Amino acid sequence: MPVASSVAALRSLVPPAPLPQSSRIAPTELTVFTVAAQVVEMKLEEDRDIHLVIAEPGDASATMITEFPDAEQCSGAVASAHAQEMRTARAALVAEFGQPSSSQFTNLTGMATLTGVGFFDFLHGQTGVAPNGIELHPVIGFALLSGGRARSPPEPPVSPGTETASGCDPACPTVCIPSPPSDFDCGDITFGRFTVLQPDPHPFDGDQDGVGCGSG
């Protein structure tokens, strides 16, 4: 079972001296930890790991690194007994924030629960590194608690019979819903009771009262 911990607690651990070059040291580096943390920034590294910086909730300066290996292509990760968990965790991260850049860090916002194996890395100027070099590496579980990818703001109203540059459907002038062939219904959107003009291509206004997704 994972051991519940925190970024602050992991940052306070004393690393082994000297650090081994190619083996893990008990107990920390053989322990699976779960932490709730702020997500700060991420980047795709040359070794194909996703480098995600997290922070203690309420203290953005207290950071540490977590690593999401590529268990589809990196031989060590592919051979691991945790390979499927690594793939699932990495897919969950990408689903929430998109594919990371390989050229620069992407700033993130939100809170997440992460589960991973403790690992003390050598200090070599890494972005977000903890003072003791502690990481969760590999991460084998990721769940976003709040935040996530920024959503585009609603488009301004458009006049009936006109089309916006972004492709908003003129049949819904008070909200921005993509025009056909995009196929949406009321279950695909998070708002309701908006103006619908006929013809209603999706259709949102089944009773033709001029109000879309207005039931309930």
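## Reading H51 and its surroundings in a predicted model

The model is predicted. In it, the side chain of H51 makes a polar contact with the side chain of E67, at 3.2 Å.

Q: What makes the pair H51 and E67 a polar contact?
A: The two side chains come to 3.2 Å, and a polar contact requires N or O atoms within 3.5 Å. The pair therefore meets the distance cut-off.

Q: Which backbone oxygen lies 2.9 Å from a polar atom of the H51 side chain?
A: That oxygen belongs to T127.

Q: How do you know whether H51 is buried or exposed?
A: Its relative accessibility is 3%, and buried means under 20%, so H51 counts as buried. This histidine sits in strand β3.

Q: Which residues is H51 in contact with, leaving aside neighbours within four places in sequence?
A: Among them are E41, M42, K43, I65, F105 and Q126.

Q: Why is R48 called partly exposed?
A: R48 has a relative accessible area of 33%. Buried is under 20% and exposed is over 50%, with partly exposed in between, so R48 is partly exposed. You will find R48 in the loop between β2 and β3.

Q: What makes the phi of R48 worth a look?
A: R48 has a positive phi of about 80 degrees, although it is not a glycine. Most residues other than glycine have a negative phi.

Now to the aromatic rings.

Q: How many aromatic pairs does the structure hold?
A: The structure holds one. F68 and F142 form this pair, with 6.0 Å centre to centre and 70 degrees between the planes. The pair links distant parts of the chain, with F68 in strand β4 and F142 in strand β7, 74 residues apart.

Q: How do you know whether F68 and F142 are buried or exposed?
A: F68 has a relative accessible area of 1%, and F142 has a relative accessibility of 10%. Buried means under 20%, so F68 is buried and F142 counts as buried.

Finally, the peptide bonds.

Q: Where are cis peptide bonds found?
A: One joins A26 and P27, with omega about 0 degrees. Another joins H137 and P138, with omega about 10 degrees. P27 lies in the loop between α1 and β2, while P138 is in strand β7. Most peptide bonds are trans.

Conventions:
Residues are numbered from 1 along each chain as its sequence is written. Side-chain values use heavy atoms; hydrogens and water are left out. Helices (H or I, at least four residues) and strands (E, at least two) are DSSP runs, numbered from the N terminus. Buried means under 20% relative accessible area, exposed over 50%, partly exposed in between (1.4 Å probe, protein chains only). A polar contact is a pair of N or O atoms within 3.5 Å; within protein, one must be able to donate a hydrogen and the other to accept it, and residues adjacent in sequence count only if both atoms are side-chain atoms. Contact means heavy atoms within 4.5 Å. Rings of Phe, Tyr and Trp (its six-membered ring) pair if their centres lie within 6.5 Å; planes under 30 degrees apart count as stacked, over 60 as edge-to-face and the rest as tilted.
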